[in-house]
Amino acid sequence: MTDDLPALRVYAAHGAALAQRYETIEPARLFAPVLDLLPPPPARLADIGAGSGRDAAWFAGQGYRVTAVEPVAQLRAEGQQRHRDTGIDWIADHLPMLSGLHRLGHRFDLVTGIAVWHHLDADQQARAMAGLSGLLADDGLLILSLRHGPLAPEAGVYLADPAHAISLAKDLGLTVLRQVKAGSVQPGNLVEGIDWTWLVLAR
Ligand SMILES: C[S@@+](CC[C@H](N)C(=O)[O-])C[C@H]1O[C@@H](n2cnc3c(N)ncnc32)[C@H](O)[C@@H]1O
């Protein structure tokens with residue numbers, strides 16, 4: 001695990017409890033802001049920061065070919081155990097570089113980063129956008145959910161500014177298909193006043 005990604009220590013310490021909480025979320029409800037834009041199965045998907053594998057399993061169940069990328073061993077283990085026999089490929093790797101995923105040489109029709117962008121500082125976000133863009137197939141989509149709420153840089157919770165993300169994406173030649181605000185689907189996040197911007201970026 002790397003020193004410049006303090007969030008990973010937090011996830012490692014609470015992996016099992018967090019996985020249990022994540023699994024209570026209904027993916028169809030979570031993805032409601034962008035459902036109509038998802039490419040149909042058997043599109044090839046990479047879910048970055050896959051956590052417990054909830055969304056990866058939902059996509060795999062629909063016939064997507066899914067690679068789940070999760071840096072925290074405790075969460076990967078939860079995901080592999082909870083979603084056995086789903087055909088998901090699990091990879092230990094992390095933003096901003098995703099070197100291991102890039103080494104595989106795949107291009108993806110859909111790359112998702114759900115509730116992960118705020119764990120990168122502004123410089124890391126710039127490097128991450130370049131790497132994520134490079135993973136997209138022609139006409140591939142990158143879907144990010146950006147968290148708005150209290151910041152805690154010491155714990156790896158940074159500003160996720162939609163204007164910054166869009167500017168980075170446009171500089172790389174990506175097109176914004178959707179920018180939409182959405183409330184939290186987790187009761188605890190609702191209480192904290194956290195909400196989200198969903199971005200759909202196209203190659
Ligand atoms: C808030 S959780 C969201 C998990 C999952 N996407 C979901 O929606 O349930 C953030 C996830 O991003 C992962 N993560 C944090 N920093 C990361 C990084 N630099 N690269 C990749 N994943 C990261 C964490 O380990 C955790 O699984």
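I looked up D47 and found it opposite T112 in strand β4. I then noted that D47 also stands opposite A68 in β2. Helices (H or I, at least four residues) and strands (E, at least two) are taken here as DSSP runs, numbered from the N terminus.

I recorded that the model is a predicted one, in which local features need pLDDT of at least 70, side-chain atom pairs count only at pLDDT 80 or more, and totals for chains, interfaces and linings use all residues. Residue numbers start from 1 along each chain as its sequence is written.

**Strand β1**

I followed the pairing of strand β1, where two strands pair if DSSP finds at least two bridges between them. Strand β1 covers residues 44-48, and five bridges join β1 to the parallel strand β2, residues 65-69. With β4, residues 108-114, β1 pairs in the parallel sense over three bridges.

I checked how covered β1 is and found four of its five residues buried. A residue is buried if 20 or more other C-beta atoms lie within 10 Å of its own, exposed if 12 or fewer, and partly exposed in between, with C-beta atoms placed from the backbone.

I traced the chain through β1, helix α4 (residues 54-61) and β2, which make a right-handed β-α-β unit. Right-handed means that, with the strands pointing away from the viewer, the path from the first strand over the helix to the second runs clockwise.

**Cis peptide bonds**

I found a cis peptide bond between P41 and P42, with omega about 10°. P42 is in the loop between α3 (27-30) and β1. I found another cis peptide bond joining L95 and P96, with omega about 10°; P96 is in the loop between β3 (89-91) and α6 (99-104).

**Positive phi**

I looked at A115, a residue other than glycine, and read a positive phi near 60°. A115 lies in the loop between β4 and α7 (122-134). A115 counts as buried because 21 other C-beta atoms lie within 10 Å.

I also read a positive phi of about 65° for D139, which is not a glycine. D139 is in strand β5, residues 136-148. D139 has 9 C-beta neighbours inside 10 Å and therefore counts as exposed.

**L172**

I located L172 in the loop between α8 (162-171) and β6 (175-183). L172 is partly exposed, because 16 other C-beta atoms lie within 10 Å. From C-alpha to C-alpha, L172 and M129 are 8.3 Å apart in space, although 43 residues apart in sequence.
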